[in-house]
Amino acid sequence: MTDKPAIDLAVGHALNRLRQERGLTVTALATEAGVSPAMVSRIENAQVSPSLATLSALAGALAVPVMALVAQHDQVSDVHHVTAGQGLPSHRVTPDHSHEYLLLGKHGGPGGRFEAARIRIEAADAGTLPAYQHEGYAFIHVVSGAATYRCGGQTFPLGPGDSLSFDAKLPHGFAEITGDHIEFLTVSSRPA
């Protein structure tokens, strides 16, 4: 009796995990993917090496890229642990604006890029507030202070506890710091 190939085990574990995370039965996933329930079961138990077409159909039914089914999750990955009040001190400079911030996490790879930071902008030092536009998504959560944020053709007043998330293809950035400062957490993602 031969051992099951590592790739078949990895695909089986990934398929089972993703199916259960979505609350799908084997039959429901099979129906959505257009394959037999027996095939899904055999893949999850590493009893068969699925074709690329089958993997693609299953990935589509799970709304994940095919790589989510074949990636070996026990391989080396970066993990960043930032304790309270810590982070990588960073500095952003544009022609008439600069501010300090703490980089809380940053990852990049074939699946895209991700960055999280805690930023504080003093109204007295704001100068000309920069505008941004890029592929991906952004999220802002205000910790303290007040400001107006522009996103596309709209502006949003922001204060402590407020959040804003948006498609970063829209031109965006702070329009005005309306208090003495604005301090916020921001998370952005960009495709690879």
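How are helices α1 and α3 oriented to each other: roughly parallel, roughly antiparallel, roughly perpendicular or oblique? In this predicted model, the axes of α1, which spans residues 6-21, and α3, which spans residues 37-44, come within 7 Å and cross at roughly 120°. Since angles of 65 to 115 degrees count as roughly perpendicular and those over 145 as roughly antiparallel, the two helices are therefore oblique to each other. On the α1 side, the contact is made by D8, V11, G12, L15, N16 and R19, while α3 contributes V40, I43 and E44. Sorted by class, this contact of α1 with α3 has four nonpolar, two polar and three charged residues.

By class, the contact of α2 with α4 has six nonpolar residues, one charged residue and no polar residues.

A pair of aromatic rings is described by the distance of the centres and the angle of the planes. One of the pairs is formed by Y149 and F174, with 4.8 Å from centre to centre and 85° between the planes, an edge-to-face arrangement. This pair links distant parts of the chain, for Y149 belongs to strand β4 (residues 137-151) and F174 to strand β7 (residues 172-190), and the two residues are 25 apart.

Are these two residues buried or exposed? Y149 has a relative accessible area of 4% and is therefore buried, and F174, at 6% relative accessibility, counts as buried too, because the cut-off for that term is under 20%. F174 also forms an aromatic pair with F184, and this pair is tilted, with 5.0 Å between the centres and 55° between the planes. Like F174, F184 is buried.

Which residues, then, make up the aromatic cluster? Y149, F166, F174 and F184 form one aromatic cluster, and F174 takes part in both of the pairs described here, with Y149 in the edge-to-face pair and with F184 in the tilted pair.

How values were computed:
Residues numbered from 1 in each chain as written. Predicted model: local features only at pLDDT ≥ 70, side-chain atom pairs only at ≥ 80, totals over all residues. Heavy atoms only, no water. Axes fitted to C-alpha atoms, helices over the stretch in contact; angles between N-to-C directions. Helix = DSSP H or I, 4+ residues; strand = E, 2+ residues; numbered from the N terminus. Parallel < 35°, antiparallel > 145°, perpendicular 65-115°, else oblique. Contact = heavy atoms within 4.5 Å. Nonpolar A, V, L, I, M, F, W, Y, C, P; charged D, E, K, R; others polar. Phe/Tyr/Trp six-rings, centres within 6.5 Å; stacked < 30°, edge-to-face > 60°. Buried < 20%, exposed > 50% of the residue type's maximum accessible area, 1.4 Å probe, protein only.
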